[in-house]
Amino acid sequence: MELTEFIERSIGRWRSQRSGHHLAFSHFEEIRSTIDIVALEADDSAVIDICKLYNIDPTTALHPFRMSWEGESDWDEDDIQSGSCVLVPIPDPENPDRGKLLREQGYAETIAAVGNYHLSKDGTFTLLTEYDRAAAEERIWFATPNLRFRVSLIKTSSGQGVTTASFSSEIRDLSQSD
């Protein structure tokens, strides 16, 4: 699978069930959410702004997209968490299975972030992102066209310890199809 196909297969609305283990607090969390992934054009103002932030030519972007989510946690079922971020893949010109992923907002810290990705031959997308106080490792793969899985680790900035581990199953919401 190539990155283009991986992103195109990801476009749509997903129902997510995530279990998170917060090791520092010895706490388990269950999160149910809806995730919307929408394709953007390379000339979208949000894509251009992110590329400018990192001095990247927007024409090198491959299938930028916006990801929005809304969900609730069993920690506080009255508190609905929501957010949105723009993601801009920039493939390595020498190896199209690798590149940078520019993000308006990171996963481990809510700051702009650049991660390094690679797509393995079996179609697993792996993203490694270093932040000021943490590092994140995410792996996403498809079991079927309408079922994907995601594993995430949040590590200490030194990479020596894991603070959070989570597993998500994401099912495409087919009621949103054309």
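How far is the sulfur of Cys51 from the closest cysteine sulfur, and in which residue does that sulfur lie? The distance is 14 Å, and the partner sulfur belongs to Cys85. The structure discussed here is a predicted model.

**Cysteines**

- A disulfide is a covalent bond between the sulfur atoms of two cysteines.

- Strand β7 covers residues 125-130 and strand β8 covers residues 134-144; they pair in the antiparallel sense over 6 bridges.
- Within this pairing, Phe125 stands opposite Ile140 of β8.
- The two strands β7 and β8 form a hairpin, with 3 residues between them.
- Strand β8 also pairs with strand β9 (residues 147-156), in the antiparallel sense and over 10 bridges.
- Here Glu138 stands opposite Ser152, a residue of β9.
- A hairpin is formed by β8 and β9 as well, with 2 residues between them.

**Ser33 in strand β2**

- Ser33 belongs to strand β2, which spans residues 27-39.
- In a regular strand the side chains alternate between the two faces of the sheet.
- The relative accessibility of Ser33 is 16%, so this residue counts as buried; the cut-off is under 20%.
- Leaving aside residues up to four places away in sequence, Ser33 touches Trp14, Arg15, Ser16, Glu70 and Gly71.

**Positive phi in a loop**

- Most residues other than glycine have a negative phi.
- Asn55 has a phi near 55°, a positive value in a residue other than glycine.
- Asn55 lies in the loop between α2 (45-53) and β3 (65-73).
- With 73% relative accessibility, Asn55 counts as exposed, because the cut-off for that class is over 50%.
- His63 likewise has a positive phi, near 55°, and is a residue other than glycine.
- The loop between α2 and β3 is also where His63 is found.
- His63 has a relative accessible area of 31% and is therefore partly exposed.

Methods
Residues are numbered from 1 along each chain as its sequence is written. This is a predicted model: local features need pLDDT of at least 70, side-chain atom pairs count only at pLDDT 80 or more; totals for chains, interfaces and linings use all residues. Side-chain values use heavy atoms; hydrogens and water are left out. Helices (H or I, at least four residues) and strands (E, at least two) are DSSP runs, numbered from the N terminus. Buried means under 20% relative accessible area, exposed over 50%, partly exposed in between (1.4 Å probe, protein chains only). Contact means heavy atoms within 4.5 Å. Two strands pair if DSSP finds at least two bridges between them. A disulfide is a pair of cysteine sulfur atoms within 2.5 Å.
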